[in-house]
Amino acid sequence: VRVAVVGVGLMGNKIARRLASQGAHVSAWNRSADKTASLPEAGISVAGSVAAAATASDVLLLTLSDAATIRETILCDAVRPLLKGKTVLQMGTIGPKESAALAADILAAGGSYVEAPVLGSQPEAEKGTLLVMVGAEADPREPGSPHHDTVWPLLRALGQESNIHFIGPVGTGAAVKLALNQLIASLTVGFSTSLGLVQRSGADVDKFMSILRASALYAPTYDKKLQKMLDRDYGAANFPTKHLLKDVRLFEMEAAAAGLDTRLLAALKGVVQDTVDRGLANTDYSAVFDAVAHPGEQQATKPQQ
């Protein structure tokens, strides 16, 4: 299978490398050329344009930031005609309605479309242990599926077979992924709030954590983010705060359209926005602790875009 990875940022880079290591014929394109400079060392060819990437591939694997960027990149006049006979494998986090609209436009251009957003970060992409949520007209693992020979080998390289879940038609995979990312925000903000109160009260954080770990309330993400919060050193991001903000906004819109109460989502969005406004857009999303536990402080640096 010839696959072109379009968008080789934090995750796209690791996905491209993983696929190449598993024997796929991989090319890559990125808007900023510095992100592709080291890829030839991994046996990955660098395309000079999206059109060139599309021409030289059977599958366009998208790891772009949002639906608007996807449309600008592959549904422009230069690329749209090249989608005929190609499969677009969309692996970013976008809304279900956005995904369905993309599928319709790609189908109209003569291509086919599979959504397969993932849960996991760079280490899981490197090891091929991502959790994958598939939305398509048929389960690609089934031999009769139109995507069995093209998409299925790629998904198997990125996630263990038991971790590749066929959810249903296009849009359902996107909805499940968005629902999981909402939990990233709510769990992290909730833990930040509890940790902040424990600190302010003078109670022992270690004792709080021991009790929490022994309870049904515990989630492993708490320990993964605890030291970053205690040190207020959020470090380089596997999943940056600005992307969490994008996903919370998107979930709020989808929830409102589905008739759900969005008051809590509005509060979550406010906390994550405050974090970005402190100049912490590109840090790990555990930085929401700063906005929750230190709300009166002035932002440390100029906000990042």
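The model is predicted, with local features requiring pLDDT of at least 70 and side-chain atom pairs pLDDT 80 or more, while totals for chains, interfaces and linings use all residues. Residues are numbered from 1 along each chain, and side-chain values use heavy atoms, without hydrogens and water.

I placed T69 in helix α3, residues 67-74 (helices are DSSP runs of H or I, at least four residues, numbered from the N terminus). T69 counts as buried because its relative accessibility is 15% (buried means under 20%, with a 1.4 Å probe and protein chains only). Leaving out residues up to four places away in sequence, I noted that T69 touches R31 and L64 (heavy atoms within 4.5 Å).

I then turned to α10 (residues 241-257) and its axis, which comes within 9 Å of that of α7 (residues 172-201) and crosses it at roughly 120° (axes are fitted to C-alpha atoms over the stretch in contact; angles run from 0 to 180 degrees between N-to-C directions). I recorded that contact's residues as 8 nonpolar, 2 polar and 2 charged (Ala, Val, Leu, Ile, Met, Phe, Trp, Tyr, Cys and Pro are nonpolar; Asp, Glu, Lys and Arg charged; the others polar).

Against α11 (residues 263-280), I found α10 packed at about 155°, with the axes 9 Å apart. α10 is therefore roughly antiparallel to α11 (over 145 degrees).

How values were computed
Helices (H or I, at least four residues) and strands (E, at least two) are DSSP runs, numbered from the N terminus. Buried means under 20% relative accessible area, exposed over 50%, partly exposed in between (1.4 Å probe, protein chains only). Angles under 35 degrees count as roughly parallel, over 145 as roughly antiparallel, 65 to 115 as roughly perpendicular and the rest as oblique.
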